[in-house]
Amino acid sequence: MAKEVSIAPAHGKLGILIPGMGAVTSTFIAGVEAVKRGLGAPIGSLTQLGTIRLGKRTEGRTPKIKEFVPLTSLECLAFGGWDIYEDNAYEAATRAKVLEQTLLDQLKEPLSAIRPMKAVFDHDYVRKIDGPNVKQGSNKMELAEAVMQDIRDFAQKNGCNRLVMIWCGSTEVFHKSAAVHQSVEAFEEGLRRSDPEISPSQIYAYAALKLRVPFANGAPNLTTDIPAMLELARRNEVAICGKDFKTGQTYMKTLLAPGFKARMLGVQGWFSTNILGNRDGEVLEDPGSFKTKEETKLSVLQQILQPELYPELYKDLYHAVRINYYPPRGDAKEGWDNIDIFGWLGYPMQIKIDFLCRDSILAAPLVLDLVLFLDLAQRAGMKGIQEWLSFYFKGPMTAPGLYPEHDIFIQLMKLKNTLRWMKGEDLITHLGLEYYD
Ligand SMILES: NC(=O)c1ccc[n+]([C@@H]2O[C@H](COP(=O)([O-])OP(=O)(O)OC[C@H]3O[C@@H](n4cnc5c(N)ncnc54)[C@H](O)[C@@H]3O)[C@@H](O)[C@H]2O)c1
């Protein structure tokens with residue numbers, strides 16, 4: 001067995017700080033409170049339900065993940081957040097209409113106590129919405145400092161000795177990395193002169209990293225995918241990961257595409273369309289925000305199918321993704337996929353998927369796993385990009401120059417091997433020759 005990584009114990013309270021208290025956030029917080037009271041089960045959460053095999057298949061050692069590595073228990077979480085609307089978590093959950101009102105009413109007390117702090121907001125980055133609960137400052141550095149003060153106040157008020165921040169705010173308009181993003185110094189100078197290329201999500205992320213609070217990005221925004229943030233994360237020894245939760249249609253894609261490639265089946269076309277009626281759908285109606293989403297959604301197939309290695313199977317793949325805002329459906333999204341594949345001698349076949357899913361029900365357990373694992377990584381002294389958490393994202397962050405791994409089964413193996421490595425257990429390679437000696 002290898003040496004164990006030294007992991008600080010999960011003593012005391014872990015504060016979860018969330019910019020954006022909409023459907024995903026309120027479903028996440030209400031879910032944790034429901035599980036704590038025995039009103040529901042944490043379905044979809046690897047940290048709560050998953051197991052991990054250790055050693056040889058003959059050893060019969062398969063503990064639960066939460067018993068194998070020292071994760072914070074649900075009883076020790078405290079929640080806080082920011083939003084441009086003044087709704088507390090109970091009102092936000094009621095408005096989102098994801099969970100049944102009878103359940104929410106049983107959780108009214110803890111949920112009503114979570115009131116959003118004033119947001120850092122810029123209408124040029126999210127054009128479809130506007131709200132009153134917004135910070136004022138003479139420049140972006142002042143706003144970043146105000147967020148840092150919020151974080152300190154929250155930690156003190158709630159008696160937290162550790163914090164994690166996870167962006168569950170709206171998808172921002174598509175921006176490429178600019179000159180102001182190239183170093184920490186350029187970024188700080190840009191904050192002082194309110195450079196328009198610095199987005200609100202980057203102001204929150206900067207505030208978190210400055211205070212050594214690990215940061216996860218649940219939306220496809222550029223946020224931490226810039227040299228300045230990577231440098232700051234490494235300098236301050238903070239764990240970061242992103243981006244864009246892999247929940248519905250893209251999750252399905254990363255299940256199926258590795259299967260086609262494994263069997264050397266060709267794919268000629270993949271047309272994906274969605275209708276959804278929540279606020280996220282409304283924001284994504286804006287072409288600027290949709291473009292940000294489209295980038296992470298489209299990148300997945302190219303990376304998995306590797307047309308440069310298999311031109312006869314995937315060179316001409318036509319891939320399109322559409323999202324339509326359709327209010328009657330609310331959070332209960334419908335995603336259709338038409339997949340044109342071909343087999344032996346090029347004979348064509350078709351697959352149709354109609355996924356009647358629930359966006360926030362799929363996202364909430366991912367938020368839980370991410371905050372618990374990020375806190376674990378931070379306590380284990382792991383800094384910078386946490387590629388082992390790619391499992392949760394449509395557009396996994398990787399070291400510069402390294403292509404992301406999108407195959408969900410490789411991602412899961414990487415995640416579990418990272419946990420084994422932390423605890424000094426043998427990594428599992430699936431070679432298994434020893435069983436036949
Ligand atoms: N399955 C999923 O639900 C899923 C999957 C992948 C990614 N996401 C992303 O997660 C995010 C949240 O999704 P949702 O369904 O909860 O959306 P939502 O619209 O219900 O909630 C987002 C909230 O963020 C707030 N907000 C926007 N800008 C802000 C800012 N600068 N500071 C503070 N608050 C701000 C909005 O007012 C809103 O209340 C979206 O970006 C979405 O694209 C969701």
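1. Met264 sits in the loop between H11 and strand E7 (266-276). Helices (H or I, at least four residues) and strands (E, at least two) are DSSP runs, numbered from the N terminus. Phi of Met264 is positive, near 55°, and the residue is not a glycine. Met264 counts as exposed, because it has 11 C-beta neighbours inside 10 Å. The cut-offs: buried means 20 or more other C-beta atoms within 10 Å of the residue's own, exposed means 12 or fewer, and partly exposed lies in between, with C-beta atoms placed from the backbone.

2. A word on the basis. This is a predicted model, in which local features need pLDDT of at least 70, side-chain atom pairs count only at pLDDT 80 or more, and totals for chains, interfaces and linings use all residues. Residues are numbered from 1 along each chain as its sequence is written.

3. The domains. The protein chain is divided into domain 1 (13-245 + 361-422) and domain 2 (249-356); the bounds come from an automatic or database domain assignment. Their centres, taken over C-alpha atoms, are separated by 26 Å. Domain 1 gives 26 residues to the contact, and domain 2 gives 26 residues. Two residues are in contact if their C-beta atoms, placed from the backbone, lie within 7 Å. On the side of domain 1 that touches domain 2, 12 residues are nonpolar, six polar and eight charged. Here Ala, Val, Leu, Ile, Met, Phe, Trp, Tyr, Cys and Pro count as nonpolar, Asp, Glu, Lys and Arg as charged, and the others, Gly among them, as polar.

4. H11 and H13. The axes of helix H11 (residues 249-262) and helix H13 (residues 287-305) come within 9 Å and cross at roughly 20°. Axes are lines fitted to C-alpha atoms, for helices over the stretch in contact, and angles run from 0 to 180 degrees between N-to-C directions. The two helices are therefore roughly parallel. Angles under 35 degrees count as roughly parallel, over 145 as roughly antiparallel, 65 to 115 as roughly perpendicular and the rest as oblique. The crossing of H11 and H13 is right-handed. A crossing is left-handed if the near helix is turned anticlockwise from the far one by less than a right angle, and right-handed if clockwise. H11 contributes Thr250, Lys253, Thr254, Ala257, Pro258 and Lys261, and H13 contributes Lys297, Val300, Leu301, Ile304 and Leu305. By class, the contact has six nonpolar, two polar and three charged residues.

5. Asp407 deserves a look. Asp407 lies in the loop between strand E11 (384-385) and helix H16 (408-422). Asp407 is buried, because 20 other C-beta atoms lie within 10 Å. Beyond its neighbours within four places in sequence, Asp407 contacts Thr254, Pro258 and Ile304.

6. H9 is largely enclosed by the rest of the structure, because 10 of the 11 residues of this helix (residues 200-210) are buried. Among the buried residues are Ile203, Tyr204, Tyr206 and Leu209. The buried residues of H9 pack against strand E1 (13-19), helix H7 (140-158), strand E4 (160-167), helix H8 (184-192), strand E5 (215-217) and helix H10 (227-235). Lys210 is also in H9. Lys210 counts as partly exposed, because it has 18 C-beta neighbours inside 10 Å.

7. H8 and H10. Their axes are 8 Å apart and they pack at an angle of about 110°. That makes H8 roughly perpendicular to H10. The crossing is left-handed. Val184, Ala186 and Phe187 of H8 meet Ala228, Glu231 and Leu232 of H10. The contact has five nonpolar residues, no polar and one charged.

8. H1 and H15. The axes of helix H1 (residues 23-36) and helix H15 (residues 359-379) come within 8 Å and cross at roughly 65°. The crossing is right-handed. Nine of the contact residues are nonpolar, three polar and one charged.

9. Backbone points to check. Ser194 has a positive phi of about 50° and is not a glycine. Ser194 lies in the loop between H8 and H9. The peptide bond from Gly242 to Lys243 is cis, with omega near -10°. Lys243 is in the loop between strand E6 (239-242) and H11. Arg212, which follows H9, has a positive phi near 60°.
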